[in-house]
Amino acid sequence: MKLDDSELKKRLTPEQYRVLRESATEAPFSGEYVDNHEDGNYACGACGETLFMSEHKFDSGSGWPSFYDVASRGTVKLIDDNSHGMHRVEVCCQNCDSHLGHLFEDATNQPTKNRYCINSCALNFNKKGTK
Ligand SMILES: [Zn+2]
């Protein structure tokens with residue numbers, strides 16, 4: 001799905017736009033979902049596709065919402081990111097290509113040893129029972 005950036009610019013907050021469409025990163029511990037422990041799912045802030053679930057969310061101490069798995073296989077795509085002088089793996093929405101965050105190895109975290117470190121403002125939380 002190709003989203004219209006001028007339409008998104010009107011619909012999203014400036015910070016959401018910077019993160020989702022310009023690959024910015026929100027300040028740690030600033031996002032609204034860092035300490036969200038409610039049951040539900042997390043959808044892409046740009047296209048609404050369900051990407052992550054509360055049951056995979058854990059407190060990583062990183063300052064960003066962290067998930068050890070995706071909602072289902074193929075909901076995100078992973079891209080090598082060599083910006084800022086380091087190698088990271090960028091996490092993007094498979095459906096609309098919007099930037100979400102980065103994927104890190106996290107040996108302390110079971111069972112996947114993966115940590116999807118995602119910007120709060122790239123996500124929309126849908127509380128269980130409301131959708
Ligand atoms: Zn999307």
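**Strands, zinc site and core**

I start with β7, residues 99–105: 5 of its 7 residues are buried, so the strand is largely enclosed by the rest of the structure. Buried here means under 20% relative accessible area, exposed means over 50%, and partly exposed is in between, with a 1.4 Å probe and protein chains only. Strands are DSSP runs of E with at least two residues, helices are runs of H or I with at least four, and both are numbered from the N terminus.

Before going on, the source. This is a predicted model, where local features need pLDDT of at least 70, side-chain atom pairs count only at pLDDT 80 or more, and totals for chains, interfaces and linings use all residues. Residues are numbered from 1 along each chain as its sequence is written, and side-chain values use heavy atoms, with hydrogens and water left out.

Back to β7. Strands count as paired if DSSP finds at least two bridges between them. β7 pairs with β6 in the antiparallel sense over 4 bridges, and Leu103 is the bridge partner of Val89. The hairpin of β6 and β7 has 5 residues between the strands, and in it Asp97 has a positive phi near 70°. β7 also pairs with β8, again antiparallel, over 5 bridges. There, His102 stands opposite Cys117 of β8.

What about disulfides? A disulfide is taken as a pair of cysteine sulfur atoms within 2.5 Å, and the count by this rule is 0. For Cys117, the nearest cysteine sulfur is that of Cys121, 12 Å away. Cys117 has a relative accessible area of 9%, so this residue is buried.

Next, the metal. Which residues supply the protein donors of the zinc ion? They are Cys44, Cys47, Cys93 and Cys96, each through SG, at 2.3 to 2.4 Å from the ion. Donors are N, O and S atoms within 2.8 Å of the metal (3.2 Å for Na, K and Ca); water is not among the atoms, so sites may look incomplete. The site is tetrahedral, with angles of 105 to 114° among its 4 donor atoms; for four donors that label requires all angles between 85 and 135 degrees. Along the chain the donor spacing is C-x2-C-x45-C-x2-C.

Cys44 lies in strand β1, residues 40–44, and counts as buried because its relative accessibility is 1%. Leaving out residues up to four places away in sequence, Cys44 touches Glu49, Leu51, Cys93, Cys96, Ala122 and Asn124; contact means heavy atoms within 4.5 Å.

Now the core. A nonpolar core is a set of buried Ala, Val, Leu, Ile, Met, Phe, Trp, Tyr and Cys residues joined through side-chain atoms within 4.5 Å. The largest one has 26 residues, and Leu51, Phe52 and Val76 are among those with the most contacts inside it. Elements that each supply at least two residues of this core include β1, β6, β7 and β8. The largest share, 3 residues, comes from α2.

Last, that helix. α2 spans residues 14–22, with Gln16, Tyr17, Val19 and Leu20 buried. Its buried residues pack against α1, β7 and β9. After α2 comes Ser23, with a positive phi near 60°.

Conventions:
Four donors count as tetrahedral if all angles lie between 85 and 135 degrees; four count as square planar and six as octahedral if opposite donors are over 155 degrees apart and all others between 65 and 115; anything else is irregular.
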